[in-house]
Amino acid sequence: MSEPKKLFIKTYGCQMNVYDSERMSEALGGQGYVETKTPDDADMILLNTCHIREKAAEKVYSELGRFKGLKAENPDLKIGVAGCVAQAEGEEIMRRQPLVDLVVGPQSYHRLPEMEAKTRAGEKALDTDFPEEDKFEKLKNRPKAKRGPTAFLTVQEGCDKFCAFCVVPYTRGAEVSRPADRIIREAHDLVERGVREITLLGQNVNAYHGAGPNGDMTLAGLIWELNKVDGLERIRFTTSHPNDMADDLIEAHGTCDKLMPYLHLPVQSGSDRILKRMNRSHTAESYLRLIERIRAARPDIVMSGDFIVGFPEETDEDFQATMDLVEEVKYGYAYSFKYSTRPGTPAAERAQVDPAAADERLQRLQALITRHQREIQDGMVGRTVRVLFEKPGRQPGQMVGKSEYLHSVHVRGAEIATGDLKKIRITESGANSLAGELL
Ligand code: SAH
Ligand code: SF4
Ligand code: F3S
């Protein structure tokens, strides 16, 4: 048998890219590739790129430039660009960087094996179509290797919301849900391979409406089906849009035992004027009422969110409204970004906020979020949580895992293995994680 070829994948951006990179690696596994941790000995390098913020494309070009020496040493080395920059730039990538052999958009990963073969024949391969087929179904080349206790599973992709700042509807295309039976089959397969927690992924995951046995299924319906999978202990999902938070999903947070008490529900701004300009189609008030209902269903739920500061035309008053909303919600986690212009999106044409003012706002918002985050984390001390252990910690005899609320928890001096789910009493709250003892 010939020596396996080596594949180096570098992943940028969101969790969906992480999932996609695994699928690409499995698909190329069928072509005799095994993954390697360094580009130096690779026969194929794939950059799985993200386009969400400015200069993403420039970074990809400079990264690609650095592979020039490797290609000179190994003329058989193939270089590919995947992900959202590939989708956005297409052929332009090969024009600007002749080192690139392959450009594949997120909807075309199932064609990767053919494309790889084409590059081996000395041709360039490009595919950034949006075909009407389940690419993951076509990617079924799954080696039954054991894997860690947590996994992502894409259930929905693309977005029809067209927020005025965002490239995702252009790079990931229109919203598509995968049929429920395929997702459930994939969940069983993951559990057989050692997975105990699955995070359902979608750019708009709570808009899920995949075909089920009796018509379209909602995300809550899918979660209830997954709740029946023996050996699966935990279900999470991300990312949700406030407008798709259906009643059955809110209710599931109170009644579905495997659904974890954590919800990522981005709001982006607390100012109705800005929300309107963002094309978010919800208000600060409707968002706050929604959170009230979620907390009524599941009082201990930890909320997380995303914010953009310095969106075009944002005034001090608009920003204050964001601070007020954060003060009211008290997020356990939140991600805040300075607005970054994405060419081709409606907001790119508008009056930009002074960058120094935006920086200052971002710092103030992050300080407030950090304070709440810390308060919520500190509030766990003395409580008993269930921790799913993922790996050994840095110190000898230490294991690290996640609580229901997604806090990292360190435990020392106990017999714990990766994949164990144990009751832990929290004794300490550190900078970014908790420590506890086995009960
Ligand atoms: N579908 C998800 C988010 C996808 S992008 C949702 O609707 O929430 C992830 C986050 O990146 C967004 O929530 C937003 O906060 C941020 N983001 C997207 N475009 C941005 C831009 N142009 N500038 C700054 N942040 C942006
Ligand atoms: Fe982007 Fe808005 Fe769609 Fe989220 S909902 S992916 S922010 S357009
Ligand atoms: Fe980035 Fe594409 Fe994800 S732009 S955030 S990799 S959907």
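Visitor: How many nonpolar, polar and charged residues are in the shell around ligand 2?
Guide: In this predicted model, the shell has seven nonpolar, two polar and two charged residues. Here Ala, Val, Leu, Ile, Met, Phe, Trp, Tyr, Cys and Pro count as nonpolar, Asp, Glu, Lys and Arg as charged, and the others, Gly among them, as polar.

Visitor: Which residues surround ligand 2?
Guide: Cys159, Lys161, Phe162, Cys163, Phe165, Cys166, Val168, Pro169, Asn204, His241 and Arg280 surround ligand 2. A residue is near a molecule if one of its heavy atoms lies within 4 Å of it.

Visitor: How do the numbers and letters work, and what gets counted?
Guide: Residues are numbered from 1 along each chain as its sequence is written, while chains are lettered from A and ligands numbered from 1 in the order in which they are written. Local features need pLDDT of at least 70, side-chain atom pairs count only at pLDDT 80 or more, and totals for chains, interfaces and linings use all residues; side-chain values use heavy atoms, with hydrogens and water left out.

Visitor: OK, on to ligand 1. Which residues are closest?
Guide: Phe165, Gln203, Gln268, Asp306 and Ser340 are the closest of the 15 residues that surround ligand 1. The shell divides into six nonpolar, four polar and five charged residues.

Visitor: Which strands supply at least two residues of that shell?
Guide: Strand 15 (302–309) and strand 16 (333–338) each do. Strands are DSSP runs (E, at least two residues) and helices are too (H or I, at least four), numbered from the N terminus.

Visitor: What lies 2.7 Å from a nitrogen atom of ligand 1?
Guide: That's a backbone N or O atom of glutamine 203. A backbone N or O atom of serine 340 lies 2.8 Å from a nitrogen atom of the ligand, and an N or O atom in the side chain of aspartate 306 is 2.6 Å from an oxygen atom of ligand 1.

Visitor: How much of ligand 1 does the protein bury?
Guide: The protein buries 90% of the 540 Å² that ligand 1 exposes when taken alone. Those areas come from the Shrake-Rupley method with a 1.4 Å probe.

Visitor: New topic: what is the order of the open sheet of three strands?
Guide: The order is 7-10-13, with parallel pairing. Strand 7 (150–154) and strand 13 (234–238) are the edge strands, each pairing on one side only. Two strands pair if DSSP finds at least two bridges between them.

Visitor: How many bridges join strand 10 to strand 13?
Guide: Five, with strand 10 covering residues 197–201. Leucine 201 stands opposite threonine 238 in strand 13.

Visitor: What about the closed barrel, what order does that run in?
Guide: The five strands run 17-18-19-21-20, with mixed pairing.

Visitor: Last one: at what angle do helix 11 and helix 13 cross?
Guide: Roughly 35 degrees, and the axes of helix 11 (residues 247–255) and helix 13 (residues 284–297) come within 7 Å. Axes are lines fitted to C-alpha atoms, for helices over the stretch in contact (heavy atoms within 4.5 Å), and angles run from 0 to 180 degrees between N-to-C directions.

How values were computed: A polar contact is a pair of N or O atoms within 3.5 Å; within protein, one must be able to donate a hydrogen and the other to accept it, and residues adjacent in sequence count only if both atoms are side-chain atoms.
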